[in-house]
Amino acid sequence: MKPVQVFHVVPSLPAPLEGLRELAYNLRWSWDHETIELFRRLDSDLWESSGHNPVRMLGLVDQAQFEATARDESFLAHLARALEQLRGYVSNPATWFQRNYGVAKDLLVAYFSAEFGITECLSIFAGGLGVLAGDHLKTASDLGVPLVGVSLLYQQGYFRQYLNAAGWQQESYEDNDFRNLPLKLERDREGHPLTVQVDYDGRTVTAQIWSTRAGRTLVYLLDTNIAQNRPEDRDITDQLYGGDRELRLKQEILLGIGGFRALEAVGVRPTVYHMNEGHSALLSLEWVRRLMQTHGISFGEAREVAGAGLIFTGHTPVPAGHDYFSAALMERYLGQYARGLGLSPQDFLGMGRVHPERGDEEFCMTVLALRMAGSSNGVSKLHGAVSRDMWKAMWPDLPVREVPIGHVTNGVHLRSWISYEMNQLYDRYLGPKWREECADREMWKRVENVPAEELWRTHERRRERLVAFSRRRLRAQLERRGAPQSEIDAAEEVLDPDALTIGFARRFATYKRAALLLSDPARLDRIVNQAGRPVQIVFAGKAHPRDDAGKALIQQIVRLAQQKEFRRRLVFLEDYDMAVARCLVQGSDVWLNTPLRPLEASGTSGMKAMANGALNVSTLDGWWDEAWRDAAAEHRFVGWAIGRGEVDPNPDYQDQVESAALYELLERDIVPTFYERTVDGLPRRWVGHMKSSIATLCPQFHMQRVVREYAADFYVIAHARYRTLTADGAARARSLAEWSARIAANWGAVKVVRVEGNAAGEMSVGDAVSVRAVVRLGALAPDDITVELYMGRLNADGDFAEPVAHPMRATRREGGDWLFEAATMPCCRSGLHGYTVRVMPFHADEARSMLPGLIAWAG
């Protein structure tokens, strides 16, 4: 039965409390302790039961309570203070971006992501990718970077996790009540919901546009669950990462193409588009389509313009983790769209293939993003190297080190993850500027001034809260599961508020090896139950609904925790979300991370724990590889490394070696250091390690550094390129496209005819090497290309180990060829060296540093 009339009931706030609504609808409260405490003060029980959702909470508060609170002068003063801070924050023009890049007045970045983890009550994220994207939005707001977010508004979001009596993960889905979330439905001038249309397999699907605000940053979200759509189309935005490949493609069409159109519908005109993972890659083609229409230019010309303003960030270090779609599915849903761009089926499908000519290769969204974007990057130093190796076939004959995929190592939004108590501690000893100047190393060194007693007591309180939280959570889990009363009552005795506490919380994918610590139960028993030196481990995390291997890991932990010797020492907390994550990173003494190298792109949970004083112990993968190695080079202690980055071809053997190394670390170093106390009962050496970790890592692994890097090295540059190419009726874009076509048509004739040099036999350090090369360019001119002397030390296999490219200049024609010469280069180091010469296309307006398949080497 459907209603004949629909209406929206909103909370009736007394006039003095109206400011609560303004606070509730700006997600800045999610990283502002003052505002959170205000809502807790209104009704702490409702704050918890509403899932930390102030909009829903305001709808549940009794009207009499509102009236009483409206007469509470102390509460009203607190409200006025929180409102003043919010309004001052939003309106302050003197932001970091304005001070440093104010000349880029019309720069606007659109940041597309399939998920955003801003706060737990807005369930449109699954894990690390979404939380990172949420931290990116928050930090862009803090720094004043002009940026909007775009994603989908999932009716059910990601699943809720619970375990059955056998310890096997089960999934349930709960509908998001958009009207009781910090969301606003975008409307036109007549008050009708703003919508966009996208074509799907011969029919049109309509999506309405919602928005939410995170500080200064607006986020637009698309929703297809509306009456004018078919039932199956209403389900497109039903679940995050649910369904089959066809549904995934539908979602990615909506995100990329529909998201681009949504920005146009709300009047937003970005100059830079940042694709966070390949899910939104189709926006690149939609931008090309719009540029073709707006400027009356060809596909090739529009592609050059779009490429200048497109940035792609990948997060997946294995090919199987990327989205691939069959040619038939792509033709069914995007064939007509591609023909509208003037592309043949072969040309269109080739844009998503590593080898465009191979008809049996599926279409990969990551490949499309890499081909279209002017700049691409991974999310840690190691991940950048892994990505270059993974996609090297797209740039044949190019040395892997030069594959144009860089890296920006991830960070975290510190204010979202640091506990209230640590926040106060940092205010007292670092000063309040730690929030705005996270990169100031001298400031972070002041953590050494924090009295050991004060830092330790602060951390102990957080551990006590983690233990209390875990007991409540475990009791509720057992009650839902129908466990015996004796088992429920025993939940009150699990964990010890004074024991060394290890936290492990993340997605339960097999490569993360959650059970590495459990591989030898007898040895683990001796470690966790050692008299006077107990150790306890709190696990949390979800496996993908179709990942039975990941679910089996959870079951293994739960079954071990049920054994008598581990009942008080091992806990698995169900339904991992941001609230559970905060409690764990704020209360753990040690943060454990055990990915199989090099399968962790970055990881950020350890960064959150580190900022709260926890010490990391991890395999050298992702962010920890560079964090631990850089600190070790400076003789700074930041935590422990499991192994030294070895990779064995037999993963079972590697598991065996690294589990043994982990046990060894616990037995010989971690546990003894934690329980080593001075006469005043303090673990002073451990506290010293905490300070060293904070002072060394906090200035580097925070999201302010990340967003500043993107702004300086990507956003501002991409914006300038885009403006250059679109100026004067896109004149330079037309010229660039003409050059690209000429290069493609004539590259087959380019050849290094011969190389001449004075280096032969034996030379001495300090001797100069001079090289000349005769190059055949055919119909091309020297200005169309760059010729480089490629010289350096050789390894045992005769390959270049440390090459350096030196530009060569054209000096004269030699018949139909050109003579190029390099400046004399001194021999700086002894050993076996070599050189060669290469030719590559060059144009000052080309955003891509290396063009796939266009390189000619001597020999």
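Rings of Phe, Tyr and Trp (its six-membered ring) pair if their centres lie within 6.5 Å; planes under 30 degrees apart count as stacked, over 60 as edge-to-face and the rest as tilted. By that rule, the whole structure holds 32 aromatic pairs. Before the views, a word on the model: it is predicted, so local features need pLDDT of at least 70 and side-chain atom pairs count only at pLDDT 80 or more, while totals for chains, interfaces and linings use all residues. Residues are numbered from 1 along each chain as its sequence is written, and side-chain values use heavy atoms, with hydrogens and water left out.

**View 1. Here are two of the ring pairs, F97 with Y101 and Y426 with W434.** F97 and Y101 make a tilted pair, 5.6 Å centre to centre with 40° between the planes. These two residues sit 4 apart in helix 7 (residues 96-101), about one helical turn; helices (H or I, at least four residues) and strands (E, at least two) are DSSP runs, numbered from the N terminus. F97 counts as buried, at 4% relative accessibility. Buried here means under 20% relative accessible area, exposed over 50%, and partly exposed in between (1.4 Å probe, protein chains only). Y426 and W434 have ring centres 5.4 Å apart and planes at 70°, so they are edge-to-face. Both Y426 and W434 are buried.

**View 2. Arginines lie over rings at Y89 and F504.** A charge sits over a ring if NZ of Lys or CZ of Arg is within 6 Å of the ring centre and within 35 degrees of the ring normal. R28 lies over the face of Y89, 4.7 Å from the ring centre. For F504, the charged end of R506 is 4.5 Å from the centre of the ring.

**View 3. Look inside the largest nonpolar core, with its 177 residues.** Such a core is a set of buried Ala, Val, Leu, Ile, Met, Phe, Trp, Tyr and Cys residues joined through side-chain atoms within 4.5 Å. L20, L285, L334, W391 and Y715 touch the most other members. Helix 29 (residues 703-746) gives the most to this core, 16 residues. Another core, of 104 residues, lies apart from it and has F504 and I642 among its members.

**View 4. R160 and D575 meet in a salt bridge, 2.5 Å from N to O.** A salt bridge is a side-chain nitrogen of Lys or Arg within 4 Å of a carboxyl oxygen of Asp or Glu, and the structure holds 66 of them. R160 is in strand 3 (residues 160-163) and D575 in the loop between strand 17 (570-573) and helix 24 (578-587), so the pair ties together parts 415 residues apart in sequence. R160 is partly exposed at 36% relative accessibility, whereas D575 is buried at 7%.

**View 5. Within helix 29, E709 and R705 sit 4 residues apart, about one turn.** Their closest N and O atoms are 3.3 Å apart, in a salt bridge. E709 is partly exposed at 24% relative accessibility, but R705 is buried at 9%.

**View 6. An open sheet of 7 strands runs in the order 21-23-26-25-24-28-29, with antiparallel pairing.** Strand 21 (751-757) and strand 29 (856-857) are at the edges with a single partner strand each, so one side of each has no neighbour in the sheet. Two strands pair if DSSP finds at least two bridges between them. Strand 28 (residues 833-841) and strand 29 are joined by 2 bridges, and R838 has W857 in strand 29 as its bridge partner.
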